[in-house]
Amino acid sequence: MDFTTRCIHGAANNTHTTGAVSVPIYQSATFAHPGIGQSSGYDYSRLQNPTREHLEKIIANLEEGVDAIAFSTGMAAITALMELFSIGDHIIASEDLYGGTVRLFDNINKKNGLLFDYLDTSDLSKLRGLIRKETKAIYIETPTNPMMQVTDIQAVAALAKEYNLLVIVDNTFLTPYFQRPLTLGADIVIHSGTKYLSGHNDTLAGFLVTGRTDLSEKLRYIYKTTGACLSPFDSWLLIRGIKTLAIRMERQEENAKKVAAFLNSHEKVKKVYFIGLETHPGYEISKKQASGFGSMISIEVDTEATAKQVLERVNLILFAESLGGTETLMTYPMVQTHADVPIEDRLARGINDRLLRMSVGLENTEDLIEDLKQALS
Ligand SMILES: *Cc1c(COP(=O)(O)O)cnc(C)c1O
């Protein structure tokens, strides 16, 4: 079955007998046992819930994994994931990660004895140089947030195999519609389901997906023990959002290409970071490993004053964190998403006070461009 169809029919709706086309919201904390030592397959909603399970099957199917686990947020998913590691374990991560992930690694996981090194993971020889005997995993985002660096997942996976390391990919920006890291050799895929998967800027969610049953068992154990599970109602919202994932991703990308072309030609815009531009250094790798470029664009404008003016003047475009939804959002990474990243690191990576990040939504592009024009004038 095609991906588009699997977004809608990717899991058998076998949890009820009424014929309801929409999967019911099983708003139940606990489930009665038919007898001693017997179970309907559902015992307690922290372990499994029929609505959430339906969602998890769809995500596992779309990412081509054996299991997907739905968390209350993306950060809850990453926090649970880090419980796979023990004191002294070393993890190599992309330098341009989501700010919340850096905060988790540096302020919580380090305190608990994990060790991290950050680098531009698109540079494989440098990556190899950082591997040591304590190294357990390589953690990548591709494209990265907000600088849109692209890492060759297959090449990283080949390197990781030599040293028996886990490859973890945060696939939030492209979603399985455009990129399926498990099929490229990754062991675990992460999602902030809050973004494109939910798609409407109304729900928080997170996922861990794996193609390995040994990892699925370990992660399920951590999940039921630590308990940051997605509620039945939010699971239902995700199921609903994913039904239109394919069509949303297509149109948002089409919109992003038009908006990027406009920005690229504007005199006050000095740089456009969009992986769909042929001049982007990651363009060829993106074409090889993904079937599309997504709809995230970062731009560097001429002055800090222009950046602030744009944020204050946009009307249709909302000055808000988050991404991937129907509404076009713009953020100021320097002071918002990446405020907790040390200033020297931020500047070294190009996250300066002239940088703006946009998530292009589903509005008409002429309206979006009009809004940008007046904000930049
Ligand atoms: C938003 C985001 C996260 C965190 O997810 P939440 O749902 O906000 O907790 C992690 N990684 C990336 C790439 C994100 O964009």
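**Exercise 1. Which residues touch the most other members of the largest nonpolar core?**

Before we start: this is a predicted model, where local features need pLDDT of at least 70, side-chain atom pairs count only at pLDDT 80 or more, and totals for chains, interfaces and linings use all residues. Residues are numbered from 1 along each chain as its sequence is written, and side-chain values use heavy atoms, with hydrogens and water left out.

*Solution.* 
Step 1: A nonpolar core is a set of buried Ala, Val, Leu, Ile, Met, Phe, Trp, Tyr and Cys residues joined through side-chain atoms within 4.5 Å. Buried means under 20% relative accessible area, exposed means over 50%, and partly exposed is in between (1.4 Å probe, protein chains only).

Step 2: pick the residues. The largest core has 67 residues, and Leu263 and Ile297 touch the most other members.

Step 3: see who contributes. Helix α10 (residues 245–264) gives the largest share, 8 residues. Helices (H or I, at least four residues) and strands (E, at least two) are DSSP runs, numbered from the N terminus.

Step 4: Domain 1 (3–242) and domain 2 (246–376) both supply residues, so the core lies between them. Those bounds come from an automatic or database domain assignment.

Step 5: zoom in on Ile297. Leaving out residues up to four places away in sequence, Ile297 touches a list that includes Met148, Leu263, Phe274 and Leu356. Contact here means heavy atoms within 4.5 Å.

Step 6: look for another core. A second, separate one has 30 residues, among them Ile69, Ala80, Leu104 and Ile188.

**Exercise 2. Find the salt bridge partner of Lys136 and say what the pair ties together.**

*Solution.* 
Step 1: apply the rule. A salt bridge is a side-chain nitrogen of Lys or Arg within 4 Å of a carboxyl oxygen of Asp or Glu. That rule gives 22 salt bridges.

Step 2: name the partner. Lys136 meets the side chain of Asp89, at 3.0 Å from N to O.

Step 3: locate both ends. Lys136 sits in strand β4 (residues 135–141) and Asp89 in the loop between α3 (74–81) and β2 (90–94), so the pair ties together parts 47 residues apart in sequence.

Step 4: check the surroundings. Lys136 is partly exposed at 35% relative accessible area, while Asp89 is buried at 10%.

Step 5: Glu300 and Lys271 meet in a salt bridge at 3.9 Å, N to O. Glu300 is in strand β9 (residues 296–301) and Lys271 in strand β8 (residues 269–273), 29 residues apart.

**Exercise 3. Is Thr51 buried or exposed?**

*Solution.* 
Step 1: find Thr51 in helix α2 (residues 50–63).

Step 2: read its accessibility. At 0%, Thr51 counts as buried.

Step 3: meet its contacts. Beyond its neighbours within four places in sequence, Thr51 is in contact with residues including Val23, Tyr26, Pro232 and Trp236.
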